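Let's take a friendly walk through a protein model together. Keep the picture open as you read, and look for each part as it comes up.

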Amino acid sequence: MKQWNWKKIFSTAMVFAAAFSLGRIAAVVNTDSKVPALDALAKISSDISAKMSAESSEGALSETSAESLDGIPAETSARSSDGASDEASMVLSDETSVETAADGNWGLSFPEEGQPPTANASMEELEKFDTYYAQDTSEKRIYLTFDCGYENGNTPAILDALKKHKAPGTFFAVGNFVSDNPELIKRMAEEGHVVGNHTFSHPDMSKISTQETFSEELSKVEDLYKEITGTEMTKYYRPPQGKYSEANLQMAKDMGYKTFFWSLAYVDWMQDQQPTREEAFEKLLGRIHPGAIVLLHNTSSTNGQILDELLSKWEEMGYTFHPLEELWQ
């Protein structure tokens, strides 16, 4: 009579049960997938070894959830292309002291008020890609930039304040902002400001690996701008959400673009949680520094209301306003 190797059979059964238990975990974690076969097999595995499945699921599920959700704002995944807000990296820039961001995400820490922040890439590393986030200077110079994802009535007030203070600005616009607001685009150009390129659809550019796809995102905005103004667009580029790769920076450079991050920003893009005047001044006055590239969102009602006063306060501190081109001239 054939002798059964019960030890081997038991081991095989345990492996079988463990495999299906892990399948059940995957089904729980990926609830949107709704794969019937996976659920059916998972139920079988649970019947074979309920205790083993429960223990395995509890540990693995909590670990997987932590890995997939930790530190990622819900707004980032839900953001549509026309929102053009820089949630992930902007949150980093609003912390008093943070670790440098992961590769591909622009991040800052502010160890000392009134001094340049620490970034996750040095000026020297970025310069080889014609990329800037601040100027290495002791002179009290400010470079004003605005990200424009859509128009909600605040941009005219921003332009009025810049005109009053004779302050040049660069408006990094996405495709729909350019196409939907030709009169604002014309006004920006006529009043001496630069309209920069924030891509056509505001994607995660760090995930784009080909020059063709990368170029298309920028070229579409160039075409829209030329249709409206009759002139070529200045080749200034800002990566959406501050997400980038060195390959991307090189692609932009190969297209003749200069890339701009920032050294000062604050959480101003959340429409239902706009900062108060006091909160805005606390961040923007306390963290201003010589050679700062300031990023503000045109959609912020707070920015529209305080910009005139903010520029006056910076002037009282001895600061002057300059165009981005002076960073390398």
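## A strand on the inside

Strand β9 (residues 292-297) is largely enclosed by the rest of the structure, because six of its six residues are buried. Here "buried" means under 20% relative accessible area, "exposed" means over 50%, and "partly exposed" lies in between (1.4 Å probe, protein chains only). Helices (H or I, at least four residues) and strands (E, at least two) are DSSP runs, numbered from the N terminus. Before going on, please note that this is a predicted model, in which local features need pLDDT of at least 70 and side-chain atom pairs count only at pLDDT 80 or more, while totals for chains, interfaces and linings use all residues. Residues are numbered from 1 along each chain as its sequence is written, and side-chain values use heavy atoms, with hydrogens and water left out.

Which residues of β9 point one way, and which the other? A292, V294 and L296 point one way, I293, L295 and H297 point the other way, and all are buried. In a regular strand the side chains alternate between the two faces of the sheet.

## A parallel partner

Strand β9 has a neighbour to pair with: β4 (residues 141-148) joins it in the parallel sense over six bridges. Two strands are said to pair if DSSP finds at least two bridges between them. To find one of these contacts, look for F146, whose bridge partner in β9 is L296.

## Opposite charges that meet

Side chains of opposite charge can pair when their charged atoms come close. A salt bridge is a side-chain nitrogen of Lys or Arg within 4 Å of a carboxyl oxygen of Asp or Glu. How many salt bridges does the structure hold? There are 14. One of them links the side chains of R141 and E139, at 3.3 Å from N to O. R141 counts as buried at 13% relative accessibility, whereas E139 is partly exposed, with a relative accessible area of 45%.

Helices hold salt bridges too. In helix α9 (residues 182-190), E183 and K186 sit three residues apart, about one turn of the helix, and their side chains meet in a salt bridge of 3.7 Å, N to O. E183 is exposed, with a relative accessible area of 56%, while K186 is partly exposed at 30% relative accessibility. Next comes E216, which forms a salt bridge with K220, their closest N and O atoms being 3.5 Å apart. Because E216 and K220 are four residues apart in helix α10 (residues 211-229), about one helical turn separates them. Both are partly exposed: E216 has 42% relative accessibility and K220 has 34%.

Which residues form a negative surface patch? They are E124, E125, E127, D136 and E246. Patches are made of residues with over 30% relative accessible area and no salt bridge: like charges are joined within 9 Å, and nonpolar side chains (Val, Leu, Ile, Met, Phe, Trp, Tyr) within 5 Å. Lys and Arg count as positive and Asp and Glu as negative, while His and the chain ends are not counted. The place of a charge is taken as NZ of Lys, CZ of Arg, CG of Asp or CD of Glu. Accessible areas come from the Shrake-Rupley method with a 1.4 Å probe, and for residues only the protein chains shown count as cover.

Helix α6 (residues 123-127) gives the patch its largest share, three residues. E125 has its place in α6, and this residue counts as partly exposed at 44% relative accessibility.

T199 is not a glycine, yet its phi is positive, at about 80°. You can find T199 in the loop between β6 (194-197) and α10, where it counts as buried at 0% relative accessibility. Q241, also a residue other than glycine, has a positive phi near 60°. Q241 lies in the loop between β7 (236-237) and α11 (246-254), and it is buried, with a relative accessible area of 8%.

## Two spots on helix α13

Is S301 buried or partly exposed? S301, in helix α13 (residues 301-316), counts as partly exposed at 26% relative accessibility. Its C-alpha atom is separated by 9.1 Å from that of P275, 26 residues apart along the chain. L310, also found in helix α13, is buried, with a relative accessible area of 1%.
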